[in-house]
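Q: Could you take me through one part of this model up close? I'd like to see how the pieces there are laid out against each other.

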Amino acid sequence: MNLNFVFSKTDKRPMYQQIMEQITQRISVGDWPPNTPLPSIRQLAAEIKVSVITVKRAYLELEREGVIVSQQGKASWVNDSLDVAKLQREELMQHLEQAGKLAKSLAIPVDELMQMLKKHSE
Amino acid sequence: MNIPMAVQCSGISKRYPHFQLQNVDLAFEQGAVMGLVGPNGAGKSTILRIVMGLIAADSGSVNVLGYPMPSNQIAAKRNIGFIAEDMRLYESETIAFHMEFIKSIFDSWDGDYAANLLRRFDLNKEQKVKGLSHGQRVKTTLMLALARRPRLLAFDEPTTGLDPAVRKEVLDEMMNSMEDETHSILFSSHNTLDVEQISDYITFIYGGRIIESQNKEDFLDGWRRLRLVSAQNRDLPQLSNISDIHRSGKLCAVTVKNYEDSLPEKFTDAGFVVNDIERLTLEEIFLSNVQLAKNEAKKELVL
């Protein structure tokens, strides 16, 4: 199995969040439709060379968010009642949050940011 | 469900003329990776050697894969692969010679796996040890240990002196060997990046004592740095979990241990604006821990 998870060494977020992002992205673009079985925690850990406990944490958080469903200590799969549109919306919110932060650090006023966004939305 | 333990040490002490290991408790279950972190001379290698049964502790009990050590070390060692920096290979013999040698001692030798590792490590088994680079030597010893399919791999400083490419190869194969719940790794390192990446549990050692031993996620979650601003130059609240303060004028960076979500409020109540809350890398936690331990040691001297 080759999942081709790619992580950025300059990403400051904790590893479990980066794993969560890689999984939710696969779900939101439709590569992993509802009911798709996820690799086992140990399989994924060995594949991406990250400790088992970190992958376990990512799965737990995804389960809490209702993105995946796990059978106690065993298999996990993509939640079949998952609202993909909602997930995509959340992803958009994250991008906007990033854009907002960047604009702030570049001292770009909100009006200008809005103009930029408007230009890209047309 | 009772998960069998890979290593269980309680209250081990060992006294040397210039160093002593004091009351060390160390435990983790099978199927997990434990990383020992600490500065040079902290006692990491001594602990590994006690776990291996190479040194007997003065007091305390040691259990490895269910075997009491050192009394049952012969049975235990069948199941442990141990690699240390000072391990010598026969300089004038080939890698193949060493493979045959280990195979003749351990019936668990897996020839296919060994051949696989040779290929993945880009090693030529006809090559003599004296012509090998440091990286090739480390990979050879790892191959010799892993091909025995040990249930516990004990590795003293696996990545010291390795270039980034070989370092990745070594860490990758260590992780690959953790195929199921019955294999475990205990390793020591002062490369905090390696430890942060592959460990399930982290133990900090300083001056022969264990400072902290926890699962990695809780470990990393417990520490934060808060960036504060005080327009009126207020005093910081007295909190027991502050480990480090850097203040210049109105700006202040505070490192805290045992972080809780309620903490920022304590600073806002004291008249500070919390500008940012940052997580710490294991390296930063390591340095903070060493600083704390040094301060504690100084306090003890004064008392």
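A: Helix H1 of chain B, residues 44–52, lies across S1, S2 and S4 of chain B, where contact takes C-beta atoms, placed from the backbone, within 7 Å. Its direction is about 120° to S1(B); axes here are lines fitted to C-alpha atoms, for helices over the stretch in contact, with angles from 0 to 180 degrees between N-to-C directions. Helices (H or I, at least four residues) and strands (E, at least two) are DSSP runs, numbered from the N terminus.

This is a predicted model, so local features need pLDDT of at least 70 and side-chain atom pairs count only at pLDDT 80 or more, while totals for chains, interfaces and linings use all residues. Residues are numbered from 1 along each chain as its sequence is written, and chains are lettered from A and ligands numbered from 1 in the order in which they are written.

Now for the sheet under discussion. In chain B, 4 strands make an open sheet, ordered S2-S1-S4-S5, with antiparallel pairing; two strands pair if DSSP finds at least two bridges between them. At the edges sit strand S2 (20–29) and strand S5 (67–69) of chain B, each pairing on one side only. On average, neighbouring strands of this sheet are turned by 20° against each other, direction ignored.

Zoom in on S1 (residues 5–15) and S4 (residues 59–64) of chain B: these run antiparallel and are joined by 5 bridges.

Technical notes: Contact = placed C-beta atoms within 7 Å.
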